[in-house]
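Morning, everyone. Let me put it on the screen.

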Number of protein chains: 2
Amino acid sequence: MSRSERLFDLLHALRRHRRPVSGRVLAEEIGVSLRTLYRDIASLQAMGASIEGEPGVGYVLKPGFLLPPLMFSPEEIEALVLGSRWVADRADDRLSGAARSALARIGAVLPDDLRETFEGSALLVGPGTPAPSVAVDPALLRRAIRTERKLALCYRDGTGAASERIVWPFALAFFDSVRILLGWCELRQGFRHFRTDRIAAADLLGTRYPRRRQALLKDWRRAEGITDPAD
Amino acid sequence: MSRSERLFDLLHALRRHRRPVSGRVLAEEIGVSLRTLYRDIASLQAMGASIEGEPGVGYVLKPGFLLPPLMFSPEEIEALVLGSRWVADRADDRLSGAARSALARIGAVLPDDLRETFEGSALLVGPGTPAPSVAVDPALLRRAIRTERKLALCYRDGTGAASERIVWPFALAFFDSVRILLGWCELRQGFRHFRTDRIAAADLLGTRYPRRRQALLKDWRRAEGITDPAD
DNA sequence: TTGATGCTGCCGGAATCTGGCAGGAGCACC
DNA sequence: GGTGCTCCTGCCAGATTCCGGCAGCATCAA
């Protein structure tokens, strides 16, 4: 692989990892010695890429470099189509429609050869176990999360006992057959999860909750011992 | 100026002119001999750039090498991120890497406000039932499908009985816990499906099968009474 | 035909690239 | 204070690539 080609690759590798990456890892990924990697980074920086390196941490590429990324590879197209099909099949109507329309936008910018891959993708999503019917509009839950606003829930737990509580919703997790709303429960002063099919009613309150949902998610991950998949 | 830097410049110059530009002009603009310019163009083409040169006219950069800025609605972004996360979590290593990589590309061309939605997406994919270990490389199966080539399978069915057969693979279906290869079986002269975890061995044969995989998929859909989701 | 242009092969000298080593410096953690 | 991780730089020698020039062919349009 020529040096120039490698620089494109390096740029993409940096974009792929959003967390700081050590030079050693990058060098291995690209297949080049550490010394050369440092040189390559310096080259990209000289060309105007805002790559920041901190001793003991690694490199991060700040967004906004003049050069747009390269086109998708065929495998990437297949991955996007498959993922969108899964969303289209499994999510609620709004999200499912959004998946289809996002896919259409992507299709519109593909060159002819990739459009063939795109249209003829042979990766299908089998129908899953049908999702239990849900009383509240999932779009409402997502809006609450996105705008970081409190939610008044009327919830029936596994034993059938009903309760009312105020929660700070910060994420929605998709499992094979159920969806689970993650939130901080004001009543219990702790993280709780709620199966969406057991939420009898949800009221979007006007008040925002006092923390950033990213921070809540991070705390929750630590509490549950779940590592961030972005790492 | 180093060669790599020059290639970036050349790309820039090509994007600037939308009309065909002669190699001579480009060479002067960049400050390099004509011979070298031809070599540079060839390098970019080798990297996948669709630069078209017509004798007597000049060069034009067709869209399809660099990903243009894309505009999505926030909900579309969430759908793409969620879908890609699902693929990243559930598919084999290659496809999963492709999902992450495609996502990074999309993230890089989003305007700032959308990038916020993109990075802070709160839709998670729960860990599924762990996929049974698979003896054959799923990438091989996908390649067979993509190139419409026959596959020699060594398969153990549900009862444990082993068989060898030649199939025409035309699709791969992802279920919650298993993946299923769809194919036309030469032995049985009919459509058959194969759980990938029960495929003991698969040989990619050199011969292409005589029908288009789209047509096979359509026939299969009709035979199974499954409507095309694209309708 | 003529001219403009794209494109390729060849060559030898020049420039660059590469990996390894040694060392410095910042930072966090113990 | 020591240890470990990291970024970063200088130096060097051998390998590799790059570069310009030239000569020639192909294609297209006037």
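Start with a helix pair across two chains. Helix α1 (residues 3-16) of chain A and helix α5 (residues 93-108) of chain B cross at roughly 95°, and their axes come within 8 Å. Axes here are lines fitted to C-alpha atoms, for helices over the stretch in contact, and angles run from 0 to 180 degrees between N-to-C directions. So α1(A) is roughly perpendicular to α5(B), a label that covers 65 to 115 degrees. Helices are DSSP runs of H or I with at least four residues, strands are E runs of at least two, and both are numbered from the N terminus.

Who makes the contact? From α1(A) we have His12(A), Arg15(A) and Arg16(A); from α5(B), Arg100(B), Ser101(B), Ala104(B) and Ala108(B). Contact means C-beta atoms, placed from the backbone, within 7 Å. By class, that is two nonpolar, two polar and three charged residues. Nonpolar is Ala, Val, Leu, Ile, Met, Phe, Trp, Tyr, Cys and Pro; charged is Asp, Glu, Lys and Arg; the others, Gly among them, are polar.

A word on provenance. This is a predicted model: local features need pLDDT of at least 70, side-chain atom pairs count only at pLDDT 80 or more, and totals for chains, interfaces and linings use all residues. Residues are numbered from 1 along each chain as its sequence is written, while chains are lettered from A and ligands numbered from 1 in the order in which they are written.

Next, a pair inside chain A. Helix α4 (residues 74-90) and helix α6 (residues 112-119) of chain A pack at about 35°, axes 9 Å apart. On α4(A), the contact uses Pro74(A), Ile77(A), Glu78(A) and Val81(A). On α6(A), it uses Leu114(A), Thr117(A) and Phe118(A). That contact has five nonpolar residues, one polar and one charged.

Now the DNA. Near means a C-beta atom, placed from the backbone, within 6 Å.

DNA strand D is surrounded by 21 residues. The closest are Gly23(A), Gly53(A), Ser33(B), Thr36(B) and Pro55(B). Here α3(A) gives the most, with four residues. The classes are seven nonpolar, nine polar and five charged.

Methods. Contact = placed C-beta atoms within 7 Å. Parallel < 35°, antiparallel > 145°, perpendicular 65-115°, else oblique.
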